[in-house]
There are 2 protein chains.
Amino acid sequence: MLVALFLVLLAAKIGDEIFKRLGQPALIGEILAGVIIGPSVLAFVEPSATLEVFAELGVVFLLFWVGLETRLSDVREVGSTAIRVGVSGMLLPLVAGFAAARAFGESTETSLFVGAALVATSVGITSAVLLDLGALKSRAARTIIGAAVIDDILAMIFLAVAAGIAVSGGVNLVSILIVVGISLAFVAFVALGGTRVVARWPDVFHAPRFSESPLLPAVILCLGLAAIAAQIGLAAIIGAFLAGMVVAETRDRHNFEQEVAPLYAFFPPFFFVFIGLNVDLGALADIGVLAALAGITLLAVITKFLPAWLASRSLGARESLVVGVGMVPRGEVGIIVAGIGSTAGVITGSLFAVIVGMSIVTTLIVPPVLRSLLGATPDEPGPEA
Amino acid sequence: MLVALFLVLLAAKIGDEIFKRLGQPALIGEILAGVIIGPSVLAFVEPSATLEVFAELGVVFLLFWVGLETRLSDVREVGSTAIRVGVSGMLLPLVAGFAAARAFGESTETSLFVGAALVATSVGITSAVLLDLGALKSRAARTIIGAAVIDDILAMIFLAVAAGIAVSGGVNLVSILIVVGISLAFVAFVALGGTRVVARWPDVFHAPRFSESPLLPAVILCLGLAAIAAQIGLAAIIGAFLAGMVVAETRDRHNFEQEVAPLYAFFPPFFFVFIGLNVDLGALADIGVLAALAGITLLAVITKFLPAWLASRSLGARESLVVGVGMVPRGEVGIIVAGIGSTAGVITGSLFAVIVGMSIVTTLIVPPVLRSLLGATPDEPGPEA
């Protein structure tokens, strides 16, 4: 196992350095490094259950870091735009994915899953690029993150519906309403209550009677909220993001970030490499599968970009382009939906490879585009800068 | 899985804080926290394979940190004493453990494993206490660490012999000599060659063309050497310790330690809690088992303390007491030997519980004693202090 951890970190670092020198986003280098050491090419490393835990912690610490850089007031300011982007960017991919799958003769259950796989943006990927470019404070970035959280809540609801139909042929509206209520209550309680508590007692993580270092209490909060979010059916990263936002209210935030930085350097490479490990190049040898992949990827890009771009026009021409592009990557979320569909028996064989492929292609094409868009527009200073 | 990681860290932190307030070593609080959340009491967390990986990384980063604090010259200075302590502290427990098991009617194979389980000191436990007390630079501490490395090499050789006898009824001397040769060559090559390379190019981890931060390259080196050490049959922690010693030669070691500190805060609690998770209180309900545990623990303490104390008399009265006591904990090493013996089919049922119990009891009794010994003796400044 140590060998696998070593190989993943080494490959990630090499891919990272090569892509930085090419002027490309480092995370693409890390994903491709995963493809190369994975089962498709060298077969040095398998996507094992333990690596999946490290990958999960990777995206958890990534979003914790994003949360640390985010103030509640930043999110509030773009709130209505984020809601418009999140909702419209959820409906179109869902309907289009469902309709396309039906048109190709898939069953209703399968088509629901294809729709679901097109819904949720991977905020991890976009966040990593925005962080890398130091653009996390821009209004576009805050809109993307807010919309992605909303989008994830909606996708979670829809996935519960789709899984209910696939398993029992129907849905229990009451139980879904309960799940939705709990999710919204959790997000509101932590985002509003948690930040207020820490803002009121900014020394809570530094209190010497708790700890000589604020790191471990904050990491425990992060893992705890991530675990709760996962338990209630939300993505764990939403809990981690909220935890970061709460901790960001603490005293001496700058020193605190320095303490978290090494965890942020250590874990996220596992997340990116793990995405690469899931690539099955062999499944793409078939021309029909390749065509399906191209079609569904195009659909995924257009149906996400257009509504997000239109819904954020109020931010200005370039910023709305950034929002549209930034919402496109499906990353690990599409892979997770495909996995759930596979377990439920409705996403099988080449369709599984197509959905995973779509998730990865949308993930690979976005970072260079975002980078060139943001390179051209100097970061608009946030209210705190 | 996130829930398990959260519970382990939370329990570790609570145990840690309680024991600090009691004036006791924090790691005992963490081990007992593991007992309480483990299968024996609350059964919140099982010692799963993934937690074992986190525990392994915990002790790897612990020894990496110890290596960072150790200079090759420090080890050289106490070299001959460390060799005497390591060799004599290996022979007596081995012979006594074997003889005792034979006297109680165990087979030769089983008795060899009992002897092997008594041999190897858990340098992780003693290091953690010495680190905690800021006493890592004392001559006693350096002697313990040097002796524990030697002791581990000898134990590894003996374990290969015992496993060979248990599995095939004989040993292949040539293959064992090859393993010994490779191990010694690895340790010497890394300790002498690696430190020289870094001493010559102290910027190697800071070179901007490699990385904006020296952390990841150093962590990769640590995992790589740990993996190699494990592959050739040594403990992974020996590789990690050597990696730390190599990296310690780098420029700007102080800043570097600040970067590693968060990993050192995050992972080691998993190691200590995992030891606690392995406790099976139920197996100790039998009076015969309890008596065997008391007997073997007494044997383990005496046969390790006496030779280590005598062999280090040249360090002075108190320092030699510290060395004798510091060599006593068997920690994870005893548990690992019991596990190998269990896989080989020669350590079964209550004997397994007794050996694991001995490992944990020797681990729990040492830290308070060390603390009171070192509290009474102000740390003798090392050559660099």
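Modeller: Let's start where α3(A) meets α3(B): Ala49(A), Thr50(A) and Val53(A) are in contact with Ala49(B), Thr50(B) and Val53(B). By contact I mean that the C-beta atoms, placed from the backbone, lie within 7 Å. Ala, Val, Leu, Ile, Met, Phe, Trp, Tyr, Cys and Pro count as nonpolar, Asp, Glu, Lys and Arg as charged, and the others, Gly among them, as polar. Helices here are DSSP runs of H or I with at least four residues, numbered from the N terminus.

Bear in mind that this is a predicted model, so local features need pLDDT of at least 70 and side-chain atom pairs count only at pLDDT 80 or more, while totals for chains, interfaces and linings use all residues. Residues are numbered from 1 along each chain as its sequence is written, and chains are lettered from A and ligands numbered from 1 in the order in which they are written.

Back to the pair: α3 covers residues 49-68 of chain A, and its axis comes within 9 Å of the α3(B) axis, crossing at roughly 65°. Axes are lines fitted to C-alpha atoms, for helices over the stretch in contact, and angles run from 0 to 180 degrees between N-to-C directions. The crossing of α3(A) over α3(B) is right-handed; that label applies if the near helix is turned clockwise from the far one by less than a right angle, and left-handed if anticlockwise.

Zooming out to the whole contact between the chains, 28 residues come from chain B and 28 residues from chain A. On chain B's side, at least two residues each are supplied by α1 (2-21), α3, α10 (215-231) and α12 (253-266). By class, the side of chain B that touches chain A holds 22 nonpolar, three polar and three charged residues.

Now follow α3(B) back into its own chain. Its axis comes within 6 Å of that of α13(B), residues 268-277, and the two cross at roughly 120°. The pair is therefore oblique: under 35 degrees counts as roughly parallel, over 145 as roughly antiparallel, 65 to 115 as roughly perpendicular, and the rest as oblique. This time α3(B) makes a left-handed crossing, over α13(B). From α3(B) the residues taking part include Leu51(B), Phe54(B), Phe61(B) and Leu62(B), and from α13(B) they include Pro268(B), Phe270(B) and Phe274(B). That contact splits into eleven nonpolar, one polar and one charged.

For another packing in chain B, look at α6(B) (108-119) and α16(B) (331-343), with axes 8 Å apart at about 160°. That angle makes α6(B) roughly antiparallel to α16(B). Here Phe113(B), Ala116(B) and Ala117(B) meet Gly334(B), Val337(B), Ala338(B) and Gly341(B), giving five nonpolar, two polar and no charged residues.

In chain A, α6(A) has ten of its twelve residues buried, meaning 20 or more other C-beta atoms within 10 Å of a residue's own. Over in α16(A), the buried set includes Gly334(A), Val337(A), Ala338(A) and Gly341(A). Just after α16(A), Gly345(A) takes a positive phi of about 80°.

Definitions and conventions
Two residues are in contact if their C-beta atoms, placed from the backbone, lie within 7 Å.
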